[in-house]
Amino acid sequence: MPEFGSRDPLTPAFWDERFERDFTPWDRGAAPQVLHTFVARNDRPLRTLIPGCGKAWELVHLCEAGWPATAIDFSPAAVAQAKELAGQWADHIELADFFAWQPPHELDFIYERAFLCALPPAMWEKVAARWAELLPAGALLGGFFYFDPAAGKRGPPFATTPEALHALLDPYFELIEELAVADSIPIFAGKERWMVWQRRTSTS
């Protein structure tokens, strides 16, 4: 691993340094197959947010499928690279803080891809509450969740366990789908699950 000056993943500088030096082992360079399947089986486009989008490969796929999607990241370097890669969809990418960003319309879906595991566990309750705040009852939170019981406390990526994830999300969401992932990139291989959670009617 290269030596980096920034050590705090809660700051844009941490991620800027990694994008600028092309050290992004979490980036698969394409939208994953299970997302293709998820999009294809929905009978209508979903208004989607991608927080912590990185290079935003998934945004391009969603936009090409006709979905009204927005990708945000608080790293200027990540946003610059994403806009360059997105081509005609570049205006769907915004430099923004997930905790302050406000949607221009009600969301149907938040896509999770290496955002939760990029943040220290002390932040996860705040993330879950913000997901719940942004999604109305019946809307979906879906994507990839990183599990590794043997992992230590160092990261990113920061691993969770199924039990801890349920404790985090069950107050707001109901798990409606869980699948194994067949085409994980090396850093996540054998340690991630595709999961779709539906926002509960109750806020408790």
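1. Basis. The model is predicted, so local features need pLDDT of at least 70 and side-chain atom pairs count only at pLDDT 80 or more, while totals for chains, interfaces and linings use all residues. Residues are numbered from 1 along each chain as its sequence is written, and side-chain values use heavy atoms, with hydrogens and water left out.

2. Largest cavity. A cavity is a set of points on a 1 Å grid over the protein atoms alone where a 1.4 Å probe fits but cannot get out, and its lining residues have an atom within 4 Å of a point. Volumes are the space filled by probe spheres set on the points, which are joined across faces, edges and corners. The largest cavity holds about 50 Å³. Its lining includes Glu112, Leu116, Cys117 and Trp124. Strand β5 (residues 140–146) is the main contributor, with three residues; strands (E, at least two residues) and helices (H or I, at least four) are DSSP runs numbered from the N terminus. By class, the lining has seven nonpolar, one polar and one charged residues, where Ala, Val, Leu, Ile, Met, Phe, Trp, Tyr, Cys and Pro count as nonpolar, Asp, Glu, Lys and Arg as charged, and the others, Gly among them, as polar.

3. Second largest cavity. This space has a volume of about 40 Å³. Among the residues that line it are Arg113, Ala114, Phe188 and Glu192. Both β4 and β5 give two or more residues to this lining, and β5 gives the most, with three. The lining divides into six nonpolar, no polar and three charged residues.

4. Largest pocket. A pocket is an open set of points with protein on both sides within 12 Å along at least five of seven lines. About 1000 Å³ of space lies in the largest one. It is lined by 49 residues, of which Phe14, Trp15, Trp26, Ala118 and Pro156 are the closest to its centre. Helix α1 gives the most to the lining, with four residues. The lining comprises 34 nonpolar, three polar and twelve charged residues.

5. Helix contact. Helix α1 (residues 12–20) packs against helix α4 (residues 76–86) at an angle of about 45°, with axes 7 Å apart. The two are therefore oblique, a term for angles that are not under 35 degrees (roughly parallel), over 145 (roughly antiparallel) or 65 to 115 (roughly perpendicular). Axes are lines fitted to C-alpha atoms, for helices over the stretch in contact, and angles run from 0 to 180 degrees between N-to-C directions. Pro12, Asp16, Phe19 and Glu20 of α1 meet Pro76, Ala77, Ala78 and Gln81 of α4, contact meaning heavy atoms within 4.5 Å.

6. Aromatic pairs. Rings of Phe, Tyr and Trp (its six-membered ring) pair if their centres lie within 6.5 Å; planes under 30 degrees apart count as stacked, over 60 as edge-to-face and the rest as tilted. The count comes to 15 aromatic pairs. Trp131 and Phe145 have ring centres 6.5 Å apart and planes at 85°, so their pair is edge-to-face. Because Trp131 lies in helix α5 (residues 124–134) and Phe145 in strand β5, this pair ties together parts that are 14 residues apart in sequence.
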